[in-house]
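Here is a short briefing on one protein chain. Look at the sequence and the fold first, then read the points below.

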Amino acid sequence: MKNVVFDLGGVVVDWSPERLMEEYTGDRAMPVSLFERGFFRKFWPDYDRGTIDQVNIVREMSVFSGRPYAECWDFVEFIKHSLRDIPQTQCLIKELAGKGYRLFCLSNMSLEFYDYLKEREVFRYFEGQIISAHEKLIKPEKEIYRILIDRFQAYPEDTLFIDDLKENVDAARQLGFHTVHFADKEKGYREINKILCSEF
C-alpha cells in the first residue's frame, strides 16, 4: 500500500449530530426539528457540492424552519466550530507520514467549513486535498474518486480509502480501492492497522 485517503468529518474531525444537539446553547427545538424533518438530507448536499454558499444555506434553513435568519446563521456557525480534531486519527496520520505513505483527504465539505479547518496542523500532512465544493462533485459520485486517481496517480490497487459512510466506502470499493468503513472508531483503527501491517 502506497497511499491512504481520509474522509474529514467523522474520521479526521468529529462530526456528531447527537453531540451537536446536546451542546447547542440556543433553542434545541430548532436542530431537533431540522434533523427530524430532513433538512440536512435535502439541502446540505448542495452546500457540500458548492452550488450554494453559507448565505444561501442559512436562507434555506430560515425558510424551512420559520426561524429568524440570524438564529440560523448562528446555528450554522455553531456546527462549523463544533468540528473538533480526533486525537487518535491525528496521531495515526503523523505516524503514517513518518513511514512514507502518501496521504490525502477526500471530503464532502463546503468552502466555508473547509476554509475554517484548513489551517489546522493535520492538513500539512496531506499531499493532496479533494474537497467537494471545489470540484462541484460529491461522494459517492464516481467522478470525484477519479479526480483523486488522475490528479495524484493514487491508483486504487495501491490506495486505502477511509470513510465513515457506507455508501462512500461502497463506491470506492467498486472502483477497486482498499477500504475501511470507519463507522466504529476502534474497529476502524484495528482494520487500518491490519491492512497496513503497522502498529500505532
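This is a predicted model: local features need pLDDT of at least 70, side-chain atom pairs count only at pLDDT 80 or more; totals for chains, interfaces and linings use all residues.

Residues are numbered from 1 along each chain as its sequence is written, and side-chain values use heavy atoms, with hydrogens and water left out.

**Domains**

- The chain is assigned domain 1 (1-12 + 82-196) and domain 2 (15-80); such bounds come from an automatic or database domain assignment.
- The C-alpha centres of domain 1 and domain 2 are 25 Å apart.
- Contact (heavy atoms within 4.5 Å) links 17 residues of domain 1 with 17 residues of domain 2.
- About 1,500 Å² is buried between domain 1 and domain 2, and carbon and sulfur atoms give 53% of this area. Buried area is the accessible area (1.4 Å probe) that two parts lose on being put together, summed over both.
- On the domain 1 side, Ser82, Glu112 and Phe113 lose the most area to domain 2, together 40% of what that side buries.

**Nonpolar cores**

- A nonpolar core is a set of buried Ala, Val, Leu, Ile, Met, Phe, Trp, Tyr and Cys residues joined through side-chain atoms within 4.5 Å. Buried means under 20% relative accessible area (1.4 Å probe, protein chains only).
- The largest core holds 46 residues, and Phe6 and Trp44 have the most contacts inside it.
- Helix α3 gives the largest share of this core, five residues. Helices are DSSP runs (H or I, at least four residues), numbered from the N terminus.
- Domain 1 and domain 2 both give residues to this core, so it lies between them.
- Beyond four places in sequence, Trp44 is in contact with Phe39, Ile57, Met61, Val76, Ile79 and Phe113.

**Helix α5**

- Helix α5 (residues 69-81) has 13 residues and reaches 18 Å from its first C-alpha to its last, close to the 18 Å expected at 1.5 Å a residue. The expected span is 1.5 Å times one less than the number of residues.
- Its buried residues are Glu71, Cys72, Phe75, Val76, Ile79 and Lys80.
- The buried residues of α5 pack against α1, α2, α3, α4 and α7.

**Tyr47**

- Tyr47 lies in helix α3. Tyr47 counts as buried because its relative accessibility is 0%.

Note on methods: Helices (H or I, at least four residues) and strands (E, at least two) are DSSP runs, numbered from the N terminus. Buried means under 20% relative accessible area, exposed over 50%, partly exposed in between (1.4 Å probe, protein chains only).
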